[in-house]
Amino acid sequence: MSDSTPPSWDPDLEPRLTLGQKLDRTARHLLPSAFIVLVIIFFSAPLAIPGSAELLSAIVIGSVFFWSVWRPTGMPALAPFLLGLFMDLVGFTPLGVSSFILLLVYGISTYARFGLMRMNFLVVWFLYGLIGGAASLLQWALACLFRLHGLDPAPAFFEALLCIGVYPLLSATFSWFLHILDEKESA
C-alpha cells in the first residue's frame with residue numbers, strides 16, 4: 001500500500017546552495033582578511049616607501065577595527081590572530097606582538113560594536129583614534145620591553161597619527177565594498 005499524502009511543508013526548510021553560491025559566500029567572508037594579507041605583502045616588499053612599517057600597522061589596525069564593527073562574520077577572532085602572526089613573520093618582529101595588539105583591537109571593537117554602529121562617523125573616528133593611538137603606544141612599549149631599553153617614541157606617535165589619518169579613507173572604501181556586498185546578498 002503506497003502513501004499518497006503529499007510531503008509536509010516545513011517553513012524552516014531552506015533551499016540548498018549551489019557550488020557557485022557557496023564559493024561566492026566564502027569569498028565574501030574572506031575578503032577582509034585577503035585584503036589585509038595583500039597589504040602586508042605589499043608594504044613588506046622592499047619598495048623603499050617612506051614610513052611603510054608605520055603605514056602597514058595603521059592600515060591593518062584600521063581594517064580590523066572596521067570589519068569587526070560592521071561585518072564581524074568577515075573578521076572572526078582567528079583572523080586577527082593569524083594576520084598578526086603573518087605580520088610578525090614577514091616584518092621580523094617578536095612573534096605574537098601584532099597578534100596580541102590586533103586581538104585587543106578586535107575585542108574592543110566587537111564589544112562596543114552595537115554602540116559604535118549607532119554613532120555618527122566623527123564620533124566613531126574619534127573613538128577609533130583613541131584605540132589606534134593606544135595600540136601604537138602599546139606596540140612601542142612592547143618593543144621597548146623585548147629589547148630591554150627605551151626606544152625613540154617618535155615612530156609610535158607617527159604611527160598613531162597615521163592610524164587616525166588613514167581611517168576615513170579606509171572607512172569610505174570599505175563602506176563602498178559593504179554596500180556592493182549587501183546588494184549582491186539581497187539580489
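User: Lys 22 first: at its relative accessibility, what does it count as, buried, partly exposed or exposed?

Analyst: Partly exposed, because its relative accessibility is 47%. Keep in mind that this is a predicted model. Lys 22 lies in helix H1.

User: Staying in H1, what about Phe 43, buried or exposed?

Analyst: Phe 43, which also lies in helix H1, is buried, because its relative accessible area is 13% and the cut-off for buried is under 20%.

User: What does Phe 43 touch, leaving aside neighbours within four places in sequence?

Analyst: Its contacts are Ile 49, Ser 52, Leu 55, Leu 56 and Ile 59.

User: And where is Leu 178 relative to Phe 43?

Analyst: Those two are 135 residues apart along the chain, with 24 Å between their C-alpha atoms.

User: OK, switching to Ala 58. Which helix is it in?

Analyst: Ala 58 is in helix H2. It counts as buried, because its relative accessibility is 0%.

User: So what is packed around Ala 58?

Analyst: Not counting residues up to four places away in sequence, Ala 58 touches Tyr 128, Glu 159, Leu 162, Cys 163, Val 166 and Leu 170. Leu 161 is 103 residues away from Ala 58 in sequence, and the C-alpha to C-alpha distance of that pair is 8.7 Å.

User: What do 55-70 and 82-105 look like in the model?

Analyst: Residues 55-70 are 100% helix and 0% strand, and their end C-alpha atoms are 22 Å apart. For residues 82-105, the model has 79% helix and 0% strand, with 14 Å between the end C-alpha atoms.

User: Let's look at H3 then. What's the story with Leu 85?

Analyst: Leu 85 is in helix H3. It counts as partly exposed, because its relative accessibility is 23%. Leaving aside neighbours within four places in sequence, Leu 85 is in contact with Leu 95, Gly 96 and Ser 99.

User: How about Ser 98, how far is that from Leu 85?

Analyst: Leu 85 and Ser 98 are 6.7 Å apart, C-alpha to C-alpha, and 13 residues apart in sequence.

User: Which residues make the nonpolar surface patch?

Analyst: Leu 78, Phe 81, Leu 82 and Leu 103 make that patch, which covers about 350 Å². Helix H3, residues 78-91, gives the largest share, with three residues.

User: And Phe 81 itself?

Analyst: Phe 81 lies in helix H3 and counts as partly exposed, because its relative accessibility is 34%.

User: Zooming out, how many helices and strands does the chain have?

Analyst: It has seven helices and zero strands.

User: Why call the chain more spread out than a compact globule?

Analyst: Because its radius of gyration is 21 Å, well over the 16 Å that the globule rule gives for 187 residues. As for the box, the C-alpha atoms fill roughly 85 × 35 × 30 Å along the principal axes.

User: How much of the chain counts as buried?

Analyst: 35% of the 187 residues. The accessible surface comes to about 11,600 Å², and 72% of that belongs to carbon and sulfur atoms.

User: Last one: what share of the contacts with a separation of 6 or more comes from residues 24 or more positions apart?

Analyst: Those account for 71% of them.

Methods: Residues numbered from 1 in each chain as written. Predicted model: local features only at pLDDT ≥ 70, side-chain atom pairs only at ≥ 80, totals over all residues. Heavy atoms only, no water. Patch = residues over 30% accessible without salt bridge, like charges linked within 9 Å, V, L, I, M, F, W, Y side chains within 5 Å. Areas by Shrake-Rupley, 256 points an atom, 1.4 Å probe, with all protein chains shown as cover. Salt bridge = Lys/Arg side-chain N within 4 Å of Asp/Glu carboxyl O. Helix = DSSP H or I, 4+ residues; strand = E, 2+ residues; numbered from the N terminus. Buried < 20%, exposed > 50% of the residue type's maximum accessible area, 1.4 Å probe, protein only. Contact = heavy atoms within 4.5 Å. Rg over C-alpha atoms; globule rule 2.2 N^0.38 Å.
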